[in-house]
Amino acid sequence: ADIPVSPLVDAAPIYDRPWEPTPPRETILASDVPASDTPLEDLKKLLGSPNMCSRRWIWEQYDHMVMADTAQRPGGDAAIVRIHGSGRGLAITTDCTPHYCYADPELGGKQAVAEAWRNLIAVGAKPLALTNNLNFGNPERKPIMGQFVGCVTGIGTASAALEFPVVSGNVSFYNETSGEAILPTPVIGGLGLVDNLSKTAQISFSGADETIVVIGHTTGWLGASTYLQEITGQRDGAPPPVDLALERKNGNFVQSQIAEGHATACHDISDGGLIVALAEMALASNIGAKVSPSDPDLLLHAWLFGEDQGRYILTTTEPGAMLEAAEVADVTATVIGRTGGGSLTVDGSHTISIGELRDAHEMWLPEYMATQ
């Protein structure tokens, strides 16, 4: 379709209310965040928490296989629907991290766009465009209007930097109960194109004895993290920075590895950090993994649960070629372990079975709904 956008862009009325910026938060050091002696019990708590539990109970109740064109089902980074009668497909995802947006609206807006872009990359799609669903409290209150201004600014910056244009959207204000506003929630819906459905990636490990590689640099950022919120009960600190140039570089590399068939599985790292992403890959495949920290200077809980942006987990049967390609592309790539077995093992001393993780991940929502 060729639709004139001037009425929606250049000629659109400007919504301009008085607003106040959100005060910046201080950076929290990993050494200031309490660590437990049982990190995989912490992982189980995260996987069984309301924000991170499986949504299977919901999506199994509707027909997600209409006309048999669903090429990748719910549960991964993005769903893929075949363009009927062809070998091409559309990848679709929605993303937002409201507590990032509450802590730093502009950065949270950037991160929501970047995560949607990563999720499309992670299945082997070329990101094409995004739509947004901007949900906020009462804009007549200056701090709430400030959240809106910050998030929209961040979305615009990331959209331009990633060449991921905003083609539609809507706004919902006055989302409050008894004067208490919802967290700023600018949901990003991302759309991507898969040129060849035989060249995609999924989050499930494809087999045992494959090498696990992390793309992107890990510093162990725990400020405004899921770990901080769910395990320590704190909501402090600035969220992780978003380097949009690095996002593009790392994403382009991952996209090339999938297209060339070098990546046997792929998953972006987001809420909960590296260990949550690994657990989701293990749960999807029923194949375990053994991993160890690559940086001896990083605290274990920071390595496991840090939410540094711009990162992916890839598996491969040809690690030498992948690492060599990463060096040529000037991309940080680090081997952290291998797939196999029926458990997740960290640092040789912490182990938890996939079955135990599955029970925690799958049961929270149906048990909760049964009591309502």
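User: How are H4 and H5 oriented to each other?

Analyst: This is a predicted model, where local features need pLDDT of at least 70, side-chain atom pairs count only at pLDDT 80 or more, and totals for chains, interfaces and linings use all residues. Residues are numbered from 1 along each chain as its sequence is written, and side-chain values use heavy atoms, leaving out hydrogens and water. Helix H4 (residues 105–122) and helix H5 (residues 142–161) pack at about 40 degrees; angles under 35 degrees count as roughly parallel, over 145 as roughly antiparallel, 65 to 115 as roughly perpendicular and the rest as oblique. H4 and H5 are therefore oblique to each other.

User: Which residues of H4 make the contact with H5?

Analyst: Contact means heavy atoms within 4.5 Å. On the H5 side, the residues include Gln147, Gly150 and Cys151. On the H4 side, they are Pro105, Glu106, Gly109, Lys110 and Val113.

User: What kind of aromatic pair do phenylalanine 136 and phenylalanine 148 form?

Analyst: Rings of Phe, Tyr and Trp (its six-membered ring) pair if their centres lie within 6.5 Å; planes under 30 degrees apart count as stacked, over 60 as edge-to-face and the rest as tilted. Among the 6 aromatic pairs found in the whole structure, this one has ring centres 5.3 Å apart and planes at 90 degrees, so the pair is edge-to-face.

User: Which parts does that pair tie together?

Analyst: Helices (H or I, at least four residues) and strands (E, at least two) are DSSP runs, numbered from the N terminus. Phenylalanine 148 lies in helix H5 and phenylalanine 136 in a loop, so the pair ties together parts 12 residues apart in sequence. Those parts are H5 and the loop between strand E4 (126–135) and H5.

User: Which strands does H5 touch in its sheet?

Analyst: The open sheet has 6 strands with mixed pairing, in the order E1-E2-E3-E8-E4-E5; two strands pair if DSSP finds at least two bridges between them. E4 and strand E8 (residues 185–194) run antiparallel, joined by 9 bridges. H5 packs on this sheet, touching E4, E5 and E8.

User: Which are the edge strands of the 7-strand sheet?

Analyst: That open sheet runs in the order E10-E12-E9-E13-E11-E14-E15, with mixed pairing. An edge strand here pairs on one side only. The two are strand E10 (265–268) and strand E15 (350–353).

User: In E13, what is the bridge partner of lysine 290?

Analyst: Strand E11 (residues 289–291) and strand E13 (residues 333–339) pair in the antiparallel sense over 3 bridges. The partner of lysine 290 in E13 is arginine 338.

Definitions and conventions: Axes are lines fitted to C-alpha atoms, for helices over the stretch in contact, and angles run from 0 to 180 degrees between N-to-C directions.
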